Amino acid sequence: MDGETGRCVRVLCPKKSLLSSRSRGIQWLIGSPLFFSSFSIVSSIRCLHAVTEDDPYSPDFVKETVVHNSRLNKLMFKRFLIMVALEVIKKPSNAQKSKTKAVRVSNNLYECLHGPGEHDLIGATTDLMTDDIHFFVSCLANIEKMEVVRSVIYDDNPEKYIWEKGCLLRCNLEFKLPIFIPLNKTSDVAEIVSLSIDAAAAKLRDPHVVYLVEGSNINTEESTRSAILHGMVLNLVSGHSFSKSVDTSTKDLPCSYFLSKHKDISLSAKRENADAIQIAVLFNQSRKNCKSIAPVAEYFPVTEHAKNLSFSFKLDVLCYSTEDFTISAALSELVIPGLVDQLNNMKRVLISELQSQQPQFCPYHFLPPGLLHPITAIYDLRYGETEMKQVEMRKALHSRLGLPLDRPLLRIANALNFDTKSMKTINPLKYGTPLLKDVHNEIPSSGVSGGIISLIDGSYEYYHYLLQGFDDNGWGCAYRSLQTILSWYRLQRYTSLNVPSHREIQQALVDIGDKEPSFVGSREWIGAIELSFVLDKLLGVSCKIMNVRSGEELPEKCRELSMHFETQGTPIMIGGGVLAYTLLGVDYNEVSGDCAFLILDPHYTGSDDLKKIVHGGWCGWKKAVDSKGKSFFLKDKFYNLLLPQRPNIV
């Protein structure tokens, strides 16, 4: 019979994320005993590979831990571990059997990733009928004796718990590795390449390597702090000796020394401007020479005919640490092992594809919705990110992380940006003043009694007449509506393209043969059809066109428009007569038929003053006929509505 334990499991990730798939199988629950309490659960990822399709509770550990595209340790921070196997069960028929299997699966995966050893194990089961999650502890891997964990805490503010005393460290390293292969040993190419890459990895622990550590204060004007650490200081435990001239005082500096005093701990801030302690690797080749001498070049003749292979590597490691962790420990236990692991991951694929075009590996860091910490993915960009193999890899990552399969959350455009401050400082004219976003958030209610509001899903930028100093007053309203729509696709990371100018929009229409070359630079109007052509040309986005014979018939389309916002969530362009507007939502009462349209008006010519825009009605709810009997949509005008579709891509 199971006993009870006084231990406590702390679950930081939302409980709904553990049950989000609503399908039977295994969830791997991740924690970090080094940085958090022993039984804290930070995040979860799905087990994708089972031995047989009929038994989702028997993981294929080889595919889960060895196959390149599925390697679990690629996704996780260094010193973050899979601690729990959670069995998601429709309705448990044998509770004791489920408990034992969950703990045994935890033990098997742990040994596959970290080798055998004595350690406490946790297993968990959940019943989808009740959504209850039960945790069990097996002390020192004794599967026969399990204890029930009665105390389970679901944290109300996990962001604060993780990031108030935590920080990121980032190290990116690019290098070329030339390798000479004797022509009489071409059969040994794989072994020679493997040994050369291993030698390059070993240099990261060389006593003469130097690590430059710099704080990165993106959001403040504070001066950054920096320090230099020598490899011989980091490798004291290995018995390296070092001269008295080497400064060892910096090794005891805590990570907090390099951080801003005004750190933002919100995840939304990290997605916009990721802030990390930056670490650079400097290979000091001349430290052995105490005297200053001129550079010496030596010639070593080739003793046998050989061919040269040159491999380019781009490493980019992101690590989590608590602020009180010393910078030397962070380098020794997190950053350097992370660089070596990443290089080894690349080596496995490189060796398997020596006979094909050389892979172009590039690591990216992402913080998708629902996760409390970033994850890292290594993409092979030799054929571009839209190549089918890369698409399948992203789909697998979406499935493992429990992300929707119709949102591009792990595309390159979605990667964390660590260079925002430097880019704006270098070229302020290019980046300019940020445009207003989501201006409808400040508007009053629509006045529709008992209506159901359906709005766009996501952020957009407000483009209007005279914006950015370009005079399009009287002819550019449809261009501005299109720019607002394009900004929505960009901000939702469906594209990394900049929002095009009027001239670039005109050029796109010329390129597809819709307009003559003289159209470029003109002040000619465009309508819904032209907008659909541009969206297809620039983004590959399809659109639906809704035709309305009269403005007074638009309320009859509210149900259809509401469905668009619920399923697609994109802004709509309304064009009628000589005017064009952007529709952001509808408020519709099906019983009474009363409705209102949330209009973003591109005809505004003033400065980007939010109060002025809202109070002036340039963004607000409009009824087809207002309380004074005035019609917003004209009865004698024909209207076309452009309904852009959301791409079903990852």
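Contact means heavy atoms within 4.5 Å. The legends below describe a predicted model.

View 1. Ser328 is found in helix α9. Is Ser328 buried or exposed? Ser328 has a relative accessible area of 13%. Buried means under 20%, so Ser328 counts as buried. Setting aside neighbours within four places in sequence, Ser328 is in contact with Leu229, Leu234 and Lys251.

View 2. Leaving aside neighbours within four places in sequence, Phe80 is in contact with Ile30, Gly31, Ser32, Phe35, Phe36, Val42, Tyr320 and His373.

View 3. Tyr257 and Phe258 form an edge-to-face pair. Their centres are 5.0 Å apart, with 85° between the planes. Tyr257 is partly exposed, at 28% relative accessible area. Phe258 is buried, at 2% relative accessibility. Tyr489 and Tyr494 also make an edge-to-face pair, at 6.0 Å centre to centre and 70° between the planes. Here Tyr489 is buried, with a relative accessible area of 0%. Tyr494 is buried too, with 10%. Elsewhere, ring pairs link a cluster. Its members are Phe35, Phe36, Phe77, Phe80, Tyr161, Trp163, Tyr320 and Phe325.

View 4. Helix α10 runs over residues 388–401 and has 14 residues. How far does α10 reach from its first C-alpha to its last? The span is 20 Å, close to the 20 Å expected at 1.5 Å a residue. An α-helix has 3.6 residues a turn, so residues three or four places apart point the same way. With that in mind, find the buried residues of α10: Gln390, Val391, Met393, Arg394, Leu397, His398, Arg400 and Leu401. Just after the helix comes Gly402, with a positive phi of about 70°.

**View 5. Lys611 in helix α17.** Lys611 lies in helix α17, which covers residues 610–615. Why does Lys611 count as exposed? Its relative accessibility is 63%, and exposed means over 50%. Glu442 is 169 residues away from Lys611 along the chain. Even so, 8.5 Å separates the C-alpha atoms of Lys611 and Glu442.

**View 6. Confidence along the chain.** The protein averages a pLDDT of 85. Of the residues, 87% score at least 70. Among the elements, helix α14 (residues 502–511) has the highest mean pLDDT, 97. Helix α12 (residues 428–431) has the lowest, 35. Over residues 236–246 the pLDDT is below 50. Beyond near neighbours in sequence, this stretch has 13 contacts in the model. The pLDDT is also below 50 over residues 420–432. That stretch has eight contacts beyond near neighbours in sequence.

How values were computed:
Residues are numbered from 1 along each chain as its sequence is written. This is a predicted model: local features need pLDDT of at least 70, side-chain atom pairs count only at pLDDT 80 or more; totals for chains, interfaces and linings use all residues. Side-chain values use heavy atoms; hydrogens and water are left out. pLDDT is the predictor's confidence in each residue, from 0 to 100. Helices (H or I, at least four residues) and strands (E, at least two) are DSSP runs, numbered from the N terminus. The expected span of a helix is 1.5 Å times one less than its number of residues. Buried means under 20% relative accessible area, exposed over 50%, partly exposed in between (1.4 Å probe, protein chains only). Rings of Phe, Tyr and Trp (its six-membered ring) pair if their centres lie within 6.5 Å; planes under 30 degrees apart count as stacked, over 60 as edge-to-face and the rest as tilted.
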